[in-house]
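This briefing takes up the relation between the chains, then the sheets, the helix packing and some local backbone features. Please read it alongside the sequence and the coordinates.

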There are 2 protein chains.
Amino acid sequence: MHVLVTGAAGMIGKKLVGRLVKDAALNGKSIDRLTLTDVAAATAPAGSSCKVEAAISDLSAPGEAAKVVALRPDVIFHLAGVVSGEAETDFEKGYRVNLDGTRELFQAIRKTGDGYRPKLVFTSSIAVFGAPFPDMIPDDYHLTPLTSYGTQKAIGEILLADHSRRGFLDGVGLRLPTICVRPGKPNKAASGFFSGIIREPLAGETAVLPVAETVRHTHASPRSAVGFLIHAAGLTRDQLGPRINLSMPGVSCTVAEQLAALKRVAGEKVASRIRRETDPLVERIVAGWPERFEARRAQALGFRAETSFEEIIRIHIEDELQGRIAA
Amino acid sequence: MHVLVTGAAGMIGKKLVGRLVKDAALNGKSIDRLTLTDVAAATAPAGSSCKVEAAISDLSAPGEAAKVVALRPDVIFHLAGVVSGEAETDFEKGYRVNLDGTRELFQAIRKTGDGYRPKLVFTSSIAVFGAPFPDMIPDDYHLTPLTSYGTQKAIGEILLADHSRRGFLDGVGLRLPTICVRPGKPNKAASGFFSGIIREPLAGETAVLPVAETVRHTHASPRSAVGFLIHAAGLTRDQLGPRINLSMPGVSCTVAEQLAALKRVAGEKVASRIRRETDPLVERIVAGWPERFEARRAQALGFRAETSFEEIIRIHIEDELQGRIAA
């Protein structure tokens, strides 16, 4: 089996590639080839038992999508994209990368015209939903994004569904909740602080909290996100039915509950490393995001996330900090 | 005031232009200039008191959208598009005209960069909704189109909302129910028969019914459609709030109820001019369409349609047949 990962140099991309190399199989078939693309250099992990090739590629550039599609991957994990904060500040770049890049990929697949029909797992986002909301967002809730990022993801979902319906590809879209705790440096995602307020204190540094502690949000760990992607690749069209875009499960909690969990797991001193400093842009973006959703279909289809925010913190300490907390 | 109508040579376009010329005003301001574009020649109606210019223009062609935007219309009625049947049989044409044409128009407006911010009334469709449905579709129901046409309209809605939110234009999208009775020749819309089974018998001809009489659907007259467009142009952003795409009201009835209304209005002989001949493509497309919806927000905002299918038939006889029925 040949697997393509776009956006392979990103945080989720790297973890997914690591898992694929470790498993050396997907959907019960061994992986003999792995192609990684990104606008930045993606590195092939050490110890791979299969052929791994990494290429710098911008899918929105003419001919680039056709080049990767010419390799005829059996499964495509399409993770490439610019994050919410950047899509909001750079309108043209957001549309070019998140909309045109995705459309070019789908079009290159359609244009093969030889019956090629890959499984395509698309990473969407809860940002496709926009306020005002009911308390709990049902699976069949309206798409009314309030950011350009959410707009681009919503369009990607609808395009994916139409290309699947027409038989050009076999798609499944996953609305990821905020992935937390995101390791490494802060990125330009407006949701970045949800991770920062856990990651930095655990590393002995002070984190900025740009919103009120009453803000409620839904989270899943990077480990869960990779699990969602792998699980999605194994779902059949019959299992999915006509609605192939799914809200993923997660832990819904307030910022105050996040900080209380941090205190329980790591102690008072760690949990005190927070500086409150309101950021109006982040506040405005986050205010338009959903707080919690049912994810009934995803759960019925076997997708699983954590059940508490403490569990999310412990996974971060285990996967990223080798069990060590900066006291 | 300068008004632009795209798709001005189409059925609704022509009727809208007729109404604008007759009213000689919009939103209480007199119209001094009217620009009409279409891929086919749009004709300026006789007796206009304002300057009327018609141009053949394909908005999806390079530079065309910028040309019409350079004229700085104050209000744009964006009706241009290919219909559902054609968008389904010609995948590339549907995406080019309905998606790229719309995006080019929005982009040309955004790129003016001089504070130009027209009112833009976008004609969407109930085809943005796809089965399975609840009995009555609420205003905040999921967008899950089951046709390429519905996909393109849904994308247009979401793009319109993002461009409005970012302040590039002042948009409002109207999900039109099926417009019935459509005058003139049948077009390639899969919904065409809903009109045909009324129009042809009234004109002394036999119409083909390609679906079962139990099929339920929602209709509004061409006169109502024009009324929706004019009313929408007068709504403010405050009235609309963040959700600027609205399901329009209409008359929900079955094909059997349509035929019974025809019999009541025009007699048994007229109503018997129906030949039943199943068309699987039409059946499949129509099966994915919504049957009825709440349209609560539209009604609260003052949009009005007919209240019975008999009224819809009488409007057709009045507006198109000068009161005469072929006995």
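Two residues count as in contact if their C-beta atoms, placed from the backbone, lie within 7 Å. By that criterion, the contact between the chains takes 21 residues from chain A and 21 residues from chain B. The model is a predicted one, and what follows should be read with that in mind.

**Relation of the two chains**

- Helix α5 (residues 148-165) of chain A, with 9 residues, gives the most to the side of chain A that touches chain B.
- By class, that side of chain A is made up of 11 nonpolar, 5 polar and 5 charged residues.
- Chain A is superposed on chain B by a rotation of 180 degrees with 0.0 Å of shift along its axis, and the RMSD of that superposition is 0.0 Å; this is the relation of a two-fold axis.
- Both copies use the same surface, since 100% of the contact residues of chain A recur in chain B.
- Of the residues of chain A, the one that comes closest to the rotation axis is A:His142, whose C-alpha lies at 2.0 Å.

**The seven-stranded sheet of chain A**

- An open sheet of 7 strands in chain A runs in the order β5-β4-β1-β6-β7-β8-β12, and its pairing is parallel.
- At the edges stand β5 (51-56) and β12 (245-247) of chain A, each of which has a single partner strand, so that one side of each is left without a neighbour in the sheet.
- From one strand to the next, the twist of this sheet averages 15 degrees.
- Within the sheet, strand β1 (residues 2-6) and strand β4 (residues 33-38) of chain A pair in the parallel sense over 5 bridges, and in this pair A:Val3 stands opposite A:Leu34 of β4(A).
- Helix α7 (residues 222-233) of chain A packs on the sheet, where it touches β6 (75-78), β7 and β8 (170-176) of chain A, and the direction of the helix makes about 160 degrees with that of β8(A).

**The three-stranded sheet of chain A**

- A further open sheet in chain A is formed by 3 strands in the order β9-β11-β13, with mixed pairing.
- Its edge strands are β9 (178-179) and β13 (251-254) of chain A, each of which pairs on one side only.
- The pairing of β9(A) with strand β11 (residues 216-220) of chain A is in the parallel sense and extends over 2 bridges; here A:Thr178 stands opposite A:His219 in β11(A).

**Helix packing in chain B**

- Helix α9 (residues 255-266) and helix α13 (residues 309-320) of chain B pack at an angle of about 55 degrees, and their axes are 9 Å apart, which makes α9(B) oblique to α13(B).
- The crossing in which α9(B) passes α13(B) is right-handed.
- On the side of α9(B) the contact is made by B:Glu257, B:Gln258, B:Ala261, B:Leu262, B:Arg264 and B:Val265, and on the side of α13(B) by B:Phe309, B:Glu310, B:Ile313 and B:Arg314.
- The residues in this contact of α9(B) with α13(B) comprise 5 nonpolar, 1 polar and 4 charged.
- Helix α1 (residues 11-23) and helix α7 (residues 222-233) of chain B pack with their axes 9 Å apart and at an angle of about 65 degrees, and the crossing of α1(B) and α7(B) is right-handed.
- In that pair, B:Met11, B:Ile12, B:Lys15, B:Leu16 and B:Arg19 of α1(B) meet B:Pro222, B:Ala225, B:Val226, B:Leu229 and B:Ile230 of α7(B).
- The contact of α1(B) with α7(B) has 8 nonpolar and 2 charged residues, with no polar residues.

**Local backbone features**

- In chain B, the peptide bond from B:Ala131 to B:Pro132 is cis, with omega near 0 degrees, and B:Pro132 is found in the loop between β7 (119-125) and α5 (148-165) of chain B.
- B:Asn27, a residue other than glycine, has a positive phi near 55 degrees, and B:Asn27 is found in the loop between β2 (25-26) and β3 (29-30) of chain B.

How values were computed. Residues are numbered from 1 along each chain as its sequence is written. Chains are lettered from A and ligands numbered from 1 in the order in which they are written. This is a predicted model: local features need pLDDT of at least 70, side-chain atom pairs count only at pLDDT 80 or more; totals for chains, interfaces and linings use all residues. Two strands pair if DSSP finds at least two bridges between them. Helices (H or I, at least four residues) and strands (E, at least two) are DSSP runs, numbered from the N terminus. Axes are lines fitted to C-alpha atoms, for helices over the stretch in contact, and angles run from 0 to 180 degrees between N-to-C directions. Angles under 35 degrees count as roughly parallel, over 145 as roughly antiparallel, 65 to 115 as roughly perpendicular and the rest as oblique. A crossing is left-handed if the near helix is turned anticlockwise from the far one by less than a right angle, and right-handed if clockwise. Ala, Val, Leu, Ile, Met, Phe, Trp, Tyr, Cys and Pro count as nonpolar, Asp, Glu, Lys and Arg as charged, and the others, Gly among them, as polar. Copies are superposed by least squares on the C-alpha atoms of residues with pLDDT of at least 70 in both.
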